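Open your viewer, get ready to select residues, and follow along stop by stop.

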Amino acid sequence: MARGVEALDLQVWSRASGPSRGPQCRDAMAHLDSEVTEECLREDLKFYFMNPCEKFRARQQIPWKMGLQILKIVMVTTQLVRFGLSNQLVVAFKEENTVAFKHLFLKGYSGVDEDEYSCSVYTQEDTYESIFFAISQFHRLRNLSLGTLGYGKNEDNRIGLKVCKQHYKKGTMFPSNETLNIDSDIEIDCIHLDLQTLSKNPQDWKNSSFFRLAFYRLLQVEISFHLKGIDLQTIHSRELPDCYIFQNTIIFDNKAHSGKIKIYFDSDANIEECKDLNISGSIQKNTQYVLVFDAFVIVICLASLILCTRSIVLGLRLRKRFLNFFLEKYKRCVCNADQWEFINRWYILVIVSDLMSIIGSILKMEIKAKNLTNYDLCSILLGTSTLFVWVGVIRYLGYFQAYNVLILTMQASLPKVLRFCACAGMIYLGYTFCGWIVLGPYHDKFENLNTVAECLFSLVNGDDMYATFAHIQQKSLLVWLFSRLYLYSFISLFIYMILSLFIAIITDSYDTIKKYQQNGFPATDLQEFLKECGSKEKCQKESSAFLSCICCLRRNGSDDHLMLIN
């Protein structure tokens, strides 16, 4: 209203002056116009940095965006829970079939894998028996298996079982005379055994020259076959069943030539669209309800995406206005910290979350309709989007001073923590490489770089310390002494020094934020500009933190020409 009075006075004065007004009159008019522009900009800035409740009190503006985010939390979480329950059935079906296959095709399988492989054999007779056992079980599968399984076509579009062996091209070996003559070129021979061949006398294919293995130059034998299955347990969850193709591979690994052949079993399950589903009952109707719910989630996320994108665009426009005004009036640029305040990082987080939710929901609808089978990608998108949605709730808790300290502490300590972790990471990598090369042959936890890194991270957190010390092999006194020096120095350095400094950095930032909340935050150019008031404007004193500034005067219907940012 005050701004309207100023404009009216300016018009009256200009008419009263008439054509005879001189340079002084024009300067006065320019000065008044500059004041009006400044107060307009200040009011827009204060309104921009209000929270939804303050905007509602200032202009009775309903916080649609906040209500939409709350609704989205409920919808996205419900969608994730339903998809998670459905995905559990898929994972359980794959794992149970893998276990069943190991018991079916691996001779003497105990039910527990040996390290990273399933089982092992130590004699030539056991090797032949294990190979022939797997082939025979494949032939008698329909009479053995409890599952809904059938034969599938392999890469050659043939139904049957493929056996390949890898061996050195030629060579002779006499260990007693320490004599070795090996051609290191590797040959691969394969044979395909279809159901018709397996139905004949087993001795016909067992006695073939292919199965006469020269173990001294044998590298591995690989048996591969495809099976088809249908997951009927989804019917109990009122979902359409999935059709699977299991690509099974049995590998007899003899690359080490140590007298121990490791047997690996790998089953890669792919979900494919069932060609002919004829299921009566309420499953089809339930599927339609789920698809409608997913479509509603997409609409909610799309609306949230549009509103947040609009807010960022308007914020960038307001920043441009403020930068131009500040440059014209004070003849200097605004600092980067103030410029970044116009870009709401929470909105960027919400936009990323909305995009992932929309894409994930589309994939979920395709999976539900059995047009796609990529559960992993859909799980990553929906899971990450839900994580971002719940993290975004902290923004609304940050409107209260008691909860805002967490966000402010994280913002203040993050740059220092990253720099500290970069320095500590160099020491950590040094210990990782050293432990791998020295202790790898004598300790299971130091066999490869990934395992070493995980072991050291566990030690930093005080996990499994005694087992790490105790499991070191004492075959070499020098290595045993080195391991003690290595472990004691690492634990002492990282737990007592580096971890303590890490906590001290965060504690220092927390104390600084608490002190600022009591005594006031350091004023920046933007905050100083928001504190200023025009000569004709009545201002109310508020908190020094610009995030909780309340506008000096309420807008009315005549102020609709001003740019309002939500």
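Here are a few stops, with a word on what to look for at each.

This is a predicted model, in which local features need pLDDT of at least 70 and side-chain atom pairs count only at pLDDT 80 or more, while totals for chains, interfaces and linings use all residues. Residues are numbered from 1 along each chain as its sequence is written, and side-chain values use heavy atoms, with hydrogens and water left out.

**Stop 1: a strand residue.** Select Asn 248, which lies in strand S6 (residues 242–253); strands are DSSP runs of E with at least two residues, and helices are runs of H or I with at least four, numbered from the N terminus. Is Asn 248 buried or exposed? Its relative accessibility is 1%, so Asn 248 counts as buried (under 20% relative accessible area, with exposed over 50% and partly exposed in between, using a 1.4 Å probe and protein chains only). Now show Ser 267: the side chains of Asn 248 and Ser 267 make a polar contact at 2.7 Å (here, a pair of N or O atoms within 3.5 Å, one able to donate a hydrogen and the other to accept it).

**Stop 2: helix H12.** Select residues 375–397, the 23 residues of H12. The end C-alpha atoms are 34 Å apart, which agrees with the 33 Å that H12 should span at 1.5 Å a residue. Colour its buried residues, including Leu 381, Leu 382, Ser 385 and Val 389.

**Stop 3: helix H16.** Finally, select residues 477–519, the 43 residues of H16. Look for a kink of about 35 degrees centred on Phe 494 (the angle between axes fitted to the seven residues ending there and the seven starting there).

Key: Expected span 1.5 Å × (residues − 1).
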